[in-house]
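Hi there,

Here is the structure I promised to pass on to you. Please have a look at it first, and then read my notes below.

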Amino acid sequence: MASQDGVEQLPQLTAAHGGLSPAESFDEKAGHTKLEKQISSDSSLGSGKGELHGKAIYDEEHKVQYVNGEPVITTGWDVSRYLVDTRDDGDPAVTFRSLVLGSVFAGLGAALCQIYLFKPVQVSISTVFLLLLIYSFGLAWAKYLPRAEWVEGTRFARFAPVLHFINPGEFRIKEHVVASLVASTAAGGSSAVMNFAVQRLYYETNVQATTAVLATFSTACFGYGLVGLLRPLTVYPSEMVYWSNLPTVSIFQTLHFNSTDNHKRLKLFWSAFTGMFIWEVFPSYIFPLLNGVNVICLATQHVSSGAQDVITNLFGGTDGNEGLGFASISLDWQYITSTFMSYPLIQQANSWIGYAVCYIAIMGIYYSDVWNSKAFPMLSTSLYGQDGHRYNQTAVFGSTFTLNQTALEEIGLPALTGSNAWANLCANLAIGGLIAHTVLFWSPYVVDSFKQARTKTQPDPHWQVVNKNYDEVPWYWYLGLLFLSFFAGLIVVFKGQTTLPWWAYIISLLLGAFITPFSTLLYARMGNGIATNQLMKMVAGAVNPGKPVANLYFSMWSHDVVSTSIGLAGDLKMGQYLKIPPRAMFITQIWGTILGAIVNYAVMVSVVDAQRDILLDPRGTNIWSGQYPQSLNSAAVTWSLAKQLYGPHGPYIWIPLGLLFGMVPTFFQWLIAKRWPSIGGLRTDSIILPIIYQYSAWMSAGTNSPVLSGVIVGLVSQLWLRRYHPGWYKKYNFILGGALDGGAQVMIFILSFAVFGASGVPKPFPAWWGNPAQGNVDYCNGNGALD
């Protein structure tokens, strides 16, 4: 392969392109003209391959490959220059209309999100769904509400300023973005509020509303403060792409920028949206076999039970924790999603290596009986006793949820399944590898990014537009937010009956703040972060042994700092792409956070007080279920045994040591890269071990049948279309991904109410061979699936 492709080399940060002037960054036509001149004057490009409209050429000056005259999108610099429009119409962002629409749908989204945390069927409120709702209402507002021009020249002209304030006219892109970000920020849910629900249900502790809002503000805004201080590293540079946001950015620009190309893109969007909306009812309801068609499963239904168990473990994967889903083909887009049309090829190539390791490792661990794996199911995240049954935590912790040492000695420690232990080990390996990779490979780019921010020489064209047209948020605003968040959390620690010592609170924040820049950097560059929740719970159990409520809060502050930082950083990047004034973004995100916290808390109290007995019942009903707060409480209780499980004499000591072991191979890789930057045409630094570690446990739980389909989508989008049809890729790839996501998500939302039981009694589709009444949907029926 050509060395210019993203698989062979790590995308270079914008510092590498510092030679481009702002004018060159903005003028794509000028760059194209320069390229034509370069080609015509270079005799080595005189063949058909060298012609602008021939096969492929490589522009050394701008570090970009052209195919048929179109740039191949490889790096974040290519995204900023060729993919996302730098257009800024200067239209207002924060208006009465954008705040009202954002607040209304924030309240709706937050309320629905909180309600569904107490439902037997979980429903997430997608950004695309909210975006399209707000777009419809925004257009109606602009069209039907009175406008200032309606009264000009009449006796009501004095009301024109008021009417303009209420309806400023055309519903434009920045109002749409601000309203959508307010709504999506609020609709993300709050683990802090769910912690209060656990206390209210299991510990007879009624935390007051002000304390609850302070806790949510503390977790979200501490992360926001960190992101603000890290903007020069995690937001400004071109390589900080946040790839999964590109379909949403593409939808915004397509809906609002009128041009011939955008007319075609808009037509594709609504055609694909409608087609997927109709299609999704088949794999999700009428014909669920389509979520995991596996020829091996279908051909081996009558083999012996022993062989059936092995086949199910390897090839089954349509049902939760059924098997690894090897060679299954899924046609259900709600599980495939557009992420594989968005993630860069270098990320996906590393993930494919991880997939291969995962298949081998989990099967090998289970059948070689490592960690006594055969005594338990192959895939499960539950805790088990040594007898192979679910662990009796009630006997160990009692009704007071405090550790009974005598009972623990009688019953024994809980055991993890082999796949669960492997997943925890890989998560720690990934964190260790991420820290080492960032320090060793990316530290020069980190230094350059901060230098560029300080000297205002950041070459990203979108940052240059924003920096030229709008006032930046001063760093001390974010620092002040950081301190406010810290003291808000401190109040919660002292007044909220968290049982968390103040020093443990500080440790949790420091731990989250330390991991945040590493995880955000990986997420921004490659599209996926590193799972940190298990590490945080492990540390929480070691710091606060025997204190389940304290563990809840330690994990909340440490892990939520990381997760909210990534989400808010992605929103800031979206604001940069779409030219939202930075101060408007600051107001938008804080307002969405506070509004969501208030609504979340009010809904939680209402549901918990009205449905208390049902939520405490392990079975629940077909309308209400306490499965989510129950799982939070169980995890907090059992993780309080972390010292016994993961300590020096525990059975899983290798899991925390994974943090150290994850660093060592990356160090040797760095030494090799210094000596041999390229081996056999492959850039040594393009192997990203933390991604490989993470995906080496990707199939350790859940539904695994969509894995191969995701790989195929990635190959078609990021290899075939991107490299050989870059014009089509640039114009249509991301808008198509957003349309497919939107159609699937809207249909799933409707089906959740109509037939999946979100609003009452579920209405299953009649059984037929595409929707079997018994066993697993894909007909891999080993491990007692038909019992």
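This is a predicted model: local features need pLDDT of at least 70, side-chain atom pairs count only at pLDDT 80 or more; totals for chains, interfaces and linings use all residues.

Let me start with the strands. There are 3 of them in an open sheet, ordered β1-β2-β3, with antiparallel pairing. The edges are taken by β1 (57-59) and β3 (70-71); each has a single partner strand, so one side of each has no neighbour in the sheet.

Strand β2 covers residues 64-67. Its pairing with β1 is antiparallel and rests on 3 bridges, while its pairing with β3, also antiparallel, has 2 bridges. V67, for its part, has E70 as its bridge partner in β3.

The hairpin of β2 and β3 has 2 residues between the strands, with N68 in the turn at a positive phi of about 55°.

Are the side chains of β2 buried or exposed on its two faces? Both faces are covered: V64 and Y66 on one side are buried, and so are Q65 and V67 on the other.

**Helix α27 and two of its partners**

The axes of α4 and α27 come within 9 Å and cross at roughly 45°. The two helices are therefore oblique to each other, and the crossing is right-handed. On the α4 side the contact is made by S103, A106, G107, A110, A111, Q114 and I115, and on the α27 side by W591, L595, G596, V599, N600, V603 and M604. By type, the residues of this contact comprise 9 nonpolar, 5 polar and no charged.

Helix α8 (residues 191-202) and α27 have axes that come within 10 Å and cross at roughly 25°. With roughly parallel meaning an angle under 35 degrees, α8 and α27 are therefore roughly parallel to each other. Here too α8 passes α27 in a right-handed crossing. From α8, the residues V193, F196, A197, R200 and L201 meet A597, N600, Y601, M604, V605, V608 and D609 of α27. This contact divides into 9 nonpolar, 1 polar and 2 charged residues.

If you put the two lists side by side, you will find N600 and M604 of α27 both in the contact with α4 and in the contact with α8.

Which helices pack against the buried residues of α25? The helix spans residues 533-543, and its buried residues are L535, M536, M538, A540 and G541. They pack against α21 (418-455), α24 (502-526), α26 (548-577), α29 (627-639), α30 (642-646) and α31 (654-661).

Helix α15 (residues 305-315) has Q308, I311, T312, N313 and F315 as its buried residues. Their packing partners are α14 (295-299) and α18.

**Two buried asparagines**

Helix α18 (residues 345-367) is also where you will find N350. N350 has a relative accessible area of 3%; since buried means under 20%, N350 is buried. Not counting residues up to four places away in sequence, N350 touches S686, I687, I688, I691 and I692.

N245, by contrast, sits in the loop between α10 (231-234) and α11 (246-256). N245 counts as buried as well, at 17% relative accessibility. Leaving aside its neighbours within four places in sequence, N245 is in contact with G570, D571 and M574.

That is my tour of the model. I hope you enjoy looking through it.

Best wishes

Key. Residues are numbered from 1 along each chain as its sequence is written. Side-chain values use heavy atoms; hydrogens and water are left out. Two strands pair if DSSP finds at least two bridges between them. Helices (H or I, at least four residues) and strands (E, at least two) are DSSP runs, numbered from the N terminus. Axes are lines fitted to C-alpha atoms, for helices over the stretch in contact, and angles run from 0 to 180 degrees between N-to-C directions. Angles under 35 degrees count as roughly parallel, over 145 as roughly antiparallel, 65 to 115 as roughly perpendicular and the rest as oblique. A crossing is left-handed if the near helix is turned anticlockwise from the far one by less than a right angle, and right-handed if clockwise. Contact means heavy atoms within 4.5 Å. Ala, Val, Leu, Ile, Met, Phe, Trp, Tyr, Cys and Pro count as nonpolar, Asp, Glu, Lys and Arg as charged, and the others, Gly among them, as polar. Buried means under 20% relative accessible area, exposed over 50%, partly exposed in between (1.4 Å probe, protein chains only).
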